[in-house]
Amino acid sequence: MAQSDDAELLDRIRGGAVDEFAELVRRHQAHVFAILSRYERDAHRLEDLAQETFLKAWKALAQFDGRAPFEHWLSRIAVHAALDHLRKQKRSRNEIGFPELGEDALEWLHNDAEPGQLEARDARELLDAAMQRLSPTDRLVITLLEIEECSVKEISALTGWSSIAVRVRAVRARKRLRDALEQLEQKNHERNETETTL
Amino acid sequence: MKETKLKQLFEAARREPAPLPPDHFADVVQRAVSRQGAPEPFSILDQLAFLFPRVAVAAVILICCCLAGDFLLSMFNGPDLGEGLARLSDQWLLAGNGI
């Protein structure tokens, strides 16, 4: 039903009812924000990224052939926008240091025996800090696979990569993430020791 | 880091709710879209660019098939495809020149 509603709306928009694009945005904005919020936490930048996604969708509207649901096509644009955003961030970042983590996140990180419950916000903080060490494609694969829980086939459809490429990148990204988390733990441990000494 | 701990980290991260779009978001996008004008038509060049990887792959497969066919024919002393093509093109050229 939703697919046919979108199809009718798209027909009207392509027929000249430009003002109805806002309705299409309202229907899918939550979904786009949910995808992009995994890659950008700042509210203003997230809104810019979401706007960019919808503008790209607008420009490419003639290419949407309706074989798949509009949401899938839009998701693909959002994922590509996220990847471009991660690449730009990587280029503009001169030095990749380790950010300061909150106490709860640090405590969880150091505690191997009984890690205890971790708040979602702290988990995101830890992952964001560690993922700064990953390449944009590694970060994208890990996020889609482990946090969005997409299958390899879904990731392949979203990114345009072959299933083999997705699998290879996933294994590599997971290893790099683990290494980055261990480095994060080590750096913060050294920083705490230095502060204690002073 | 232990695998169980990594999994716990991912599970916790999944629980974070997605932020809601601001109330004005659709209107902001609509204004931007209205400034841009009608969406660009899907030109022939765009279609070719879109199809290009498939066209390129199809061309490579065709060339490989022709080469394979020529090789097999030459192995079994069959007619040489290259020679046949040369003869045909001569006929067309010579016929065109009235010879």
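**Exercise 1.** Determine how much area chain B and chain A bury between them.

*Solution.* In this predicted model, the two chains bury about 3900 Å² between them. Of this area, 62% lies on carbon and sulfur atoms. The residues in contact are then counted for each chain: chain A contributes 50 residues and chain B contributes 35.

**Exercise 2.** State how many salt bridges cross the interface of chain B and chain A, and examine one of them.

*Solution.* The criterion is a side-chain nitrogen of Lys or Arg within 4 Å of a carboxyl oxygen of Asp or Glu. Across the interface, this rule finds six salt bridges. Arg178(A) forms a salt bridge with Glu3(B), and their closest N and O atoms are 2.3 Å apart.

**Exercise 3.** Explain which parts of chain A are tied together by the pair Asp128(A) and Arg41(A).

*Solution.* Over all chains, the count of salt bridges comes to 23. Asp128(A) forms a salt bridge with Arg41(A), with the closest N and O atoms 3.3 Å apart. Asp128(A) lies in helix α6 of chain A, whereas Arg41(A) lies in the loop between α2 (21-36) and α3 (43-59), so the pair ties together parts that are 87 residues apart in sequence.

**Exercise 4.** Identify which residues gather in a patch of negative charge on the surface.

*Solution.* The patch consists of Glu103(A), Asp104(A), Glu107(A) and Glu119(A). Glu119(A) is placed in the loop between α5 (103-110) and α6 (120-131) of chain A.

Terms used. Residues numbered from 1 in each chain as written. Chains lettered and ligands numbered in written order. Predicted model: local features only at pLDDT ≥ 70, side-chain atom pairs only at ≥ 80, totals over all residues. Heavy atoms only, no water. Patch = residues over 30% accessible without salt bridge, like charges linked within 9 Å, V, L, I, M, F, W, Y side chains within 5 Å. Areas by Shrake-Rupley, 256 points an atom, 1.4 Å probe, with all protein chains shown as cover. Lys, Arg positive; Asp, Glu negative; His and termini not counted. Charge placed at Lys NZ, Arg CZ, Asp CG, Glu CD. Helix = DSSP H or I, 4+ residues; strand = E, 2+ residues; numbered from the N terminus. Contact = heavy atoms within 4.5 Å. Buried area = accessible area lost by both parts, 1.4 Å probe.
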